[in-house]
Structures are given as C-alpha cells and as structure tokens.
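Please look through the model below before reading the points that follow. They are written for someone who has not seen this structure before.

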Amino acid sequence: MCSPPDVECRWCGPELVSPPRRGAGAARMAGMMRDHPGWDNLHGACLRGTMTSQGAPAVVDADDIGNGAELFDVPVFPDTLPPSLAAALRRLGPVRRWRNPSLWDAIATAIVRQVIRADQARIQHRRLRRTFGPRLDTPQGPIHALPTPETVAGLSRDDLADIGMAFKAAPLRNAALAYIEHGVKWAELPGGRLVEELQTVPRIGPWTAGAAAADHLHDWSLYPYSDLAVRTWAKTAAPDVDWPTDEQRFAERWRAITGDQLGPITLFTLAWGARHAGAASP
C-alpha cells in the first residue's frame, strides 16, 4: 500500500468565470481547481498537455470555459456534517475542475504523486513530460504531455534516474505494461471495479488507484478520503471538531458525517484546501 502524498491542490487564481450551465443562462463565477500537477503557466496562460481518451495529445486551457471543465454546485449538506465545516465549504460557491480525459494520464500522474509533496510532484511531473513526452506547440510557447504507455514501458531505471525519478521507475513501468494489455477493458469498468483492477498492478495501492479513478471519472467518492489532504483541510476548516487522527477512524467518521454526499463533500474539502493554500502563499 502506497503512502499518501502531502496536500496536492492549488488554485488557478482566486476565481475564474465558470462555463454556463446548459439551459441556465448567464455564466457564474467559480473557483478553478489545479490539483493535477500537469498545469503550466506560460506568459499568463494556464495550460496543460494531456493524452486524450483517443490517445492523441491535446492542450487544455484553464481559461477555456467550454467543453471539458465541469462545474460542481455546492452540495446539499446532510445534518450530520459539522456546521463549521458546512459553513466553510458553502462559502466557496461553485467549483470548476477539468476531468482528466485519459485514464493512462490519470494513472501515471497518481504514481508521480505517490509519497512526495505537491511541489516535488509538480517538478517530477514536468521533468517526465519534458524529457520523454510529446511536445505541443501553443501561441504562448511549447508544453509537453505525459509520455505514452508504450514510451514509458521502454524506459529503463537509469532513464528515470537521470531525471531524479528512480523510485518511480518500477511502478510507472508496471502500470504502462498493464495499461497496454488491459487499458481498453479498464476504460469500460465502473469506478469501484476500476479501483480494484488497478490494485492488481504491482506498486499500485489503494491511494494511487482511488486518486487515478477520481481524476478520470470525476467520482470523488472513489478518492482516498482518509488521506493527509482531506484530514488536514477538514481540521483547518473546522478546528472546533474533534477529528480522529488515525486514518481508519477518520475514514469511518468521514463516511458517517458525509452520508450520500461523500463524493461532493470530499471534492469541496479539497477545493477549500486549494483556496486556503493559495491565499496563504506569498
């Protein structure tokens, strides 16, 4: 079982205009989550290269409020949720996030994020993309998507050691080989089964599998909600609550207080943490 990384979320500015809800009229303001470490800031533009579900690299622009950026409304909080946490999350308003269209990208990114802190994950993710990934030219300059599973399967430990990622060589290569063989089947699985299947790959544990599935499917009930990020931000947002410090006990408490809103409340807690971290940054 892989250890959870440190807090991962960041904000792409305090607020961006959200895409209009279909049939709902004017656009609304919503915060844009940038928890994925693939975002690059180029001359004021917030861009990300990604391998699409069809396998071709594409550019995602955080300012493109059209297709791709999903809008999440403030959840309907159950009575079991502590009032202080509900109040903190309610103040966020709607949240936007880009769903990862590529299951391979989601898996590889979750592996990069294993164990290490968010800032280090961003550095490693960028090195992996720029050294081995396809280049995508944009008006703001070149960016790179993650290398394909075929490329990663052909990398040696020394190749990754050269960019400071020797520790990630085995899990990345294991995942690439498994994805080449099973990726088509995996893409058709429901969330729970996908999390189970990913854990059959050596060096992919519950945290990595859940984080990858949530990133790809936007089902945040799959996210490993007992991880350090959720525990940290729940405690920070609602310091009056006597939160369990043990992961298992926290998970049991979290399931009990979130009820049938487990996924949305988990996502909003991560988004609250992203905003809090952004406000605290110099």
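**Notes on the structure**

1. Arg 231 counts as buried, at 18% relative accessibility. Here buried means under 20% relative accessible area, exposed over 50% and partly exposed in between, with a 1.4 Å probe and protein chains only. The side chain of Arg 231 meets that of Glu 247 in a salt bridge of 4.0 Å, N to O. Because Arg 231 lies in helix α9 (residues 228-237) and Glu 247 in helix α10 (residues 247-258), the pair ties together parts that are 16 residues apart in sequence. Glu 247 is partly exposed, with a relative accessible area of 30%.

2. On the source: this is a predicted model, in which local features need pLDDT of at least 70, side-chain atom pairs count only at pLDDT 80 or more, and totals for chains, interfaces and linings use all residues. Residues are numbered from 1 along each chain as its sequence is written, and side-chain values use heavy atoms, with hydrogens and water left out.

3. Eleven salt bridges are found in a search of the whole structure. The term stands for a side-chain nitrogen of Lys or Arg within 4 Å of a carboxyl oxygen of Asp or Glu. One of them joins the side chains of Asp 40 and Arg 126 (3.7 Å, N to O). Asp 40 belongs to strand β3 (residues 39-42) and Arg 126 to helix α3 (residues 118-132), so this pair ties together parts that are 86 residues apart in sequence. Helices (H or I, at least four residues) and strands (E, at least two) are DSSP runs, numbered from the N terminus. Asp 40 is buried at 5% relative accessible area, and Arg 126 is partly exposed at 26%.

4. Arg 193 is partly exposed, with a relative accessible area of 36%, whereas Glu 197 is buried at 15%. Both belong to a network of salt bridges that links Lys 185, Arg 193, Glu 196 and Glu 197.

5. Where does Thr 266 lie? Thr 266 is found in helix α11 (residues 262-280) and is buried, with a relative accessible area of 0%. Leaving aside neighbours within four places in sequence, Thr 266 is in contact with Trp 220, Tyr 223, Tyr 225, Val 230 and Trp 254. Contact means heavy atoms within 4.5 Å. Tyr 223 in turn touches residues including Arg 113, Trp 207, Gly 210 and Leu 270.

6. The largest nonpolar core has 68 residues, and those with the most contacts inside it are Ile 107, Trp 186, Tyr 223, Trp 243 and Trp 254. Such a core is a set of buried Ala, Val, Leu, Ile, Met, Phe, Trp, Tyr and Cys residues joined through side-chain atoms within 4.5 Å.

7. Helix α2 is mostly covered, with eleven of its eleven residues buried. Among them are Trp 104, Asp 105, Ile 107 and Arg 113. The buried residues of α2 pack against β4 (45-51), α3, α4, α6 (169-186), α7 and α8 (206-217).
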